[in-house]
Amino acid sequence: MEPDQPGLGIASGTGTVRLCPVSGNDNEQKADSSEDMTRVVSCDLRFDIAEAAEVAVQVVAADSAGRVIVERFDVDTDDTSPASIEEIHTAEGERIHVIYSGPGRLTIAYRAEIATRSVPPIQEPEPASRAIGSPPTGFERQLYLRPSRYCPSEHLVGFAVAEFGIGAEVASHVGAITEWIRQRISYVPGSSDVHDSAEDTLLTGMGTCRDFAHLGIALCRATGIPARFAAVYAPGLFPMDFHAVFETLQFGRWYVHDATGLAPRQSLIRIATGRDAADTAFSAINSGAGDLGYLEVSATVGTVLPWDDHVQMVELP
């Protein structure tokens, strides 16, 4: 990126590059404060780079998450040459930062304060014209009906149809799938790894939030309901970490579901969206060699956490 790029401040030297997007001002912050729910999120990562590496991180809140009051993304290395950063914007308003770092320690720190207008739960489905963001396209519907790496829905069709049937009203159908996962799958931190798919979760009967989301997606797709994966910051989550939920397409709108019940859906902050976790990983080493040595995540709201009955329909901005 060029140093004079609007909205970005980059200072480099002694192995340090700082990218500091900042938007909003005091007057904006005061506007409609009674209807805004302020979220403060942060993430700290440390990589130990053994060989010059290309590291991709996706930890910045999506543009749709709300009005940014302040935001900062810092990268530090102890290499003799400063790291190089490329910021990639997706069509959905999400941001991936690709960092080229030499051997040594690579640290990343993200901080943001975001004001989002609270979206109340929906009692009855509403027209697509009133949905948050742009209505889904025909391509999106087809994309999120198809099997993917961690959601091999074609393998689960027999089970899904026998357990949940087909042709039922979509909202009640998705509700039944979500409740089944909540009742039948045990949430066990550390019980799975990057190789486990929705099939493994179904067979073992346990998993993490990532696995709960993958199973929900696979069962929905297996019964003809488009579903997608969302990586989020989750105020109220304990222990704090990145969180995963899934969304289903109903009546031309995307509604969010979380079978873990670990955080209120109304407080979630979208980071990335995709077919499954392969599209939304918070970090990936694309070339070279290195290990993630440290990770700390924080997410809070400026008011009392909303109450979520996990039944009403909620949209994720």
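**Salt bridges, burial and a surface patch**

Modeller: I166 lies in the loop between α3 (157-164) and α4 (170-184), where helices (H or I, at least four residues) and strands (E, at least two) are DSSP runs, numbered from the N terminus. The model is predicted, so local features need pLDDT of at least 70 and side-chain atom pairs count only at pLDDT 80 or more, whereas totals for chains, interfaces and linings use all residues. Residues are numbered from 1 along each chain as its sequence is written, and side-chain values use heavy atoms, with hydrogens and water left out.

Biologist: Why is I166 called exposed?

Modeller: Exposed means over 50% relative accessible area, buried under 20%, and partly exposed in between (1.4 Å probe, protein chains only). I166 has 60% relative accessibility, and therefore counts as exposed.

Biologist: What makes E247 and R270 a salt bridge?

Modeller: The term requires a side-chain nitrogen of Lys or Arg within 4 Å of a carboxyl oxygen of Asp or Glu. For E247 and R270 the N to O distance is 2.9 Å, and the pair therefore meets the rule. The two residues link distant parts of the chain, with E247 in strand β11 (residues 243-250) and R270 in strand β13 (residues 269-274), 23 residues apart.

Biologist: How do you know whether E247 is buried or exposed, and R270 likewise, buried or exposed?

Modeller: E247 has a relative accessible area of 0%, and is therefore buried; R270, with 6%, is buried as well.

Biologist: What are the accessibility classes of R72 and D74?

Modeller: R72 and D74 form a salt bridge, with the closest N and O atoms 2.7 Å apart. R72 is called partly exposed because its relative accessible area is 36%, while D74, at 12%, counts as buried.

Biologist: What makes R275 and D279 a salt bridge, and why is R275 assigned its class?

Modeller: Their side chains meet at 2.9 Å, N to O. R275 has a relative accessible area of 35% and is therefore partly exposed, and D279, at 29%, is also partly exposed.

Biologist: How many salt bridges does this rule give?

Modeller: The count comes to 14. D63, E71, E87 and R95 are linked in a network of salt bridges.

Biologist: How do you know how confident the predictor is in the chain?

Modeller: Confidence in each residue is expressed as pLDDT, from 0 to 100. The protein chain has a mean pLDDT of 86, and 82% of its residues reach 70 or more. Over residues 19-35, however, pLDDT stays under 50.

Methods: Contact means heavy atoms within 4.5 Å.
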